[in-house]
Amino acid sequence: MIGTCVIAFIMVLAPLFAVAWVSFFDNKIISFPPRGYTLNWYVAAWEMERFRDGFLTSLKLGIVATLVSLLVGVPASVVLARGAFRGRELVQSILLAPLIVPGIVAGAALYMFLIEIEIATGVQVAMTFGGLALAHSLIALPWIVRLVTASLIGADRQLEEAALVMGARPLTAFWRVTWPVIRPGVVAGGLFSFIISFVDLEKSLFLVGPGSTTLPIAIVNYLEWSIDPTIAAVATVQIVVIAAGLIVGDRYFKLTRAF
Amino acid sequence: MGRVVEQGIQSLNGTLTARADSQAASSTPRSRAGWLLLPSLALVLLGLILPLFLMAKYSVSHFEAGAVVAEGLTLENYVRFFSDPFYLWILLRTLTVAFSCTVVCLLLGLPAAYILSRISHPIIKTALILATVVPLLMGNAVRAAGWMVLLADRGLVNSTLIFTGIISEPVRILYTGSAVVIGLIAVLLPFMIISLQSVFEGIGEIYEEAALSLGARPWKMFFRVLLPLAVPGIFSGCLLCFVLAVNAYATPVLIGGPSFQMMAPKVYEQAIKVYNWPFAASLAFILMGVTFILTVLSSLTLQKRYGTV
């Protein structure tokens, strides 16, 4: 029993450690054991335009997607968690739908849709940052909805009503009473949104274009041709960015509770 | 990747939403706040629902090389898929790979999940859960790179085997079906472990203690008491893994190489490389349909046997 448990953890963790280890190898072609260790591949990776651009695009995209999905998702979550209205279940399933439709299917559909819009209006939307931002906000939204509604569970609705009865304006009541309750959910939702956007592959696959390629796509395109310490360094950078996000987020909420 | 994390968590949090429901029912409606829902609904409508309808239209359109606008009303794309052994073979392979991955994930994940759920030391428990969850958030591209490093002809696995004298020539592992299965298992295991762990947490130790105190041996207790109680949860964990495996893109493309073809990469190829949108659209719907039918069929079977799912 312990044995299978160990195998399971090795299978999950081994690829990450392997790729990080190889990124320091002082060999041009991967072979074991290494001749020595170096940091040169990180410099080499940063000097390659596609990886630098990809990294910056993914970073910007993650931030934009997080902001957009927070902006539309937090109000919706509060209404969903607080109101009993007709069609509530339906609204909730619609907002969570981007989780359920497979990425490759949704990506293909959005791509055709954006091209169709292009043909109708003459404005380029597919293969632009805007198109990617739409797709990424969409996949981030369910995370916001799930984590923010979850943070309202167990919160005392009457506190808010008390504030309103005692004469607080709705906005004041929200800011002084509701906000402190949902803040951990908002932080967690924002963090997950960023990560989901940063690592997304299937959705972006159809929508990237020259000048707007994300880091995971750049990694995949490179890996289709070769695997070497440079790409290992790029992959390690992605691991570090996400780990950093998780460590920062861990100060505000318990990561293990998000699942 | 991304995708991978997402779908999974949805099913895991059924309990949370259920509690939210019961709370909402007891509170008063707030009719004026409805407009707060509109921006988010508009986002999903514009980014997902309308595109899916458009794609549905494409999937029943006639393909004309060079023409982009969908025309006609025909089932020829679906007929082409189901009458061409090449595509049926790809579908069969996709299902076989997904099935084998699910079985192995269950065998490896079940003990891990059980042990995780019964660890009482909070720090060890958190560390192990993080070790399961964090790789899940790292992205499929990165994990595929890791497996390529491990499984390549001169990769870590082959080098170790040669160094220890077990083999003298590198064994071809990368760009084979088994490599894809290995890679996918690693991608899906965290989902299996996390969902089964919550199942075992939910069952609690009372039943175990009861069985053990009545004299059952640990193994008997596990198979006769714990496992039957966990069946519905185990089932949804397997379904989740299966669905994610059927729709996998990065792992088959990178670890399987160009000759190992599965469904999701084919959708991309037809839409972007061949530019046959009607066929790409019908492939996408077949992929979604197979997933959906299997989900419904298996939940019905389970419902029949266990009453609730």
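How many residues does the contact take from chain A and from chain B?

1. This note concerns a predicted model. The contact takes 89 residues from chain A and 89 residues from chain B. On the side of chain A that touches chain B, helix 1 (residues 2-22) of chain A gives the most, with 14 residues. Sorted by class, this side of chain A has 71 nonpolar, nine polar and nine charged residues.

2. The largest nonpolar core has 174 residues. Those with the most contacts inside this core are A108(A), A145(B), M148(B), V149(B) and L188(B). Helix 9 of chain B supplies the largest share of the core, 17 residues.

3. V149(B) deserves a separate remark. Leaving aside neighbours within four places in sequence, V149(B) is in contact with A18(A), V19(A), V22(A), I30(A), I227(A) and A232(A), and also with G155(B) and L156(B).

4. Two packed helices are described by the angle between their axes and the distance between the axes. The axes of helix 9 (residues 177-203) of chain B and helix 11 (residues 218-246) of chain B cross at roughly 155° and come within 9 Å. Because angles over 145 degrees count as roughly antiparallel, helix 9 of chain B is roughly antiparallel to helix 11 of chain B. The crossing of helix 9 of chain B past helix 11 of chain B is right-handed.

5. The residues that meet between these two helices include L184(B), L188(B) and F191(B) in helix 9 of chain B, and L226(B), L229(B) and G233(B) in helix 11 of chain B. By class, the contact of helix 9 of chain B with helix 11 of chain B has 16 nonpolar, four polar and no charged residues.

Terms used: Residues are numbered from 1 along each chain as its sequence is written. Chains are lettered from A and ligands numbered from 1 in the order in which they are written. This is a predicted model: local features need pLDDT of at least 70, side-chain atom pairs count only at pLDDT 80 or more; totals for chains, interfaces and linings use all residues. Axes are lines fitted to C-alpha atoms, for helices over the stretch in contact, and angles run from 0 to 180 degrees between N-to-C directions. Helices (H or I, at least four residues) and strands (E, at least two) are DSSP runs, numbered from the N terminus. Angles under 35 degrees count as roughly parallel, over 145 as roughly antiparallel, 65 to 115 as roughly perpendicular and the rest as oblique. A crossing is left-handed if the near helix is turned anticlockwise from the far one by less than a right angle, and right-handed if clockwise. Two residues are in contact if their C-beta atoms, placed from the backbone, lie within 7 Å. Ala, Val, Leu, Ile, Met, Phe, Trp, Tyr, Cys and Pro count as nonpolar, Asp, Glu, Lys and Arg as charged, and the others, Gly among them, as polar. A nonpolar core is a set of buried Ala, Val, Leu, Ile, Met, Phe, Trp, Tyr and Cys residues joined through C-beta atoms within 7 Å. A residue is buried if 20 or more other C-beta atoms lie within 10 Å of its own, exposed if 12 or fewer, and partly exposed in between; C-beta atoms are placed from the backbone.
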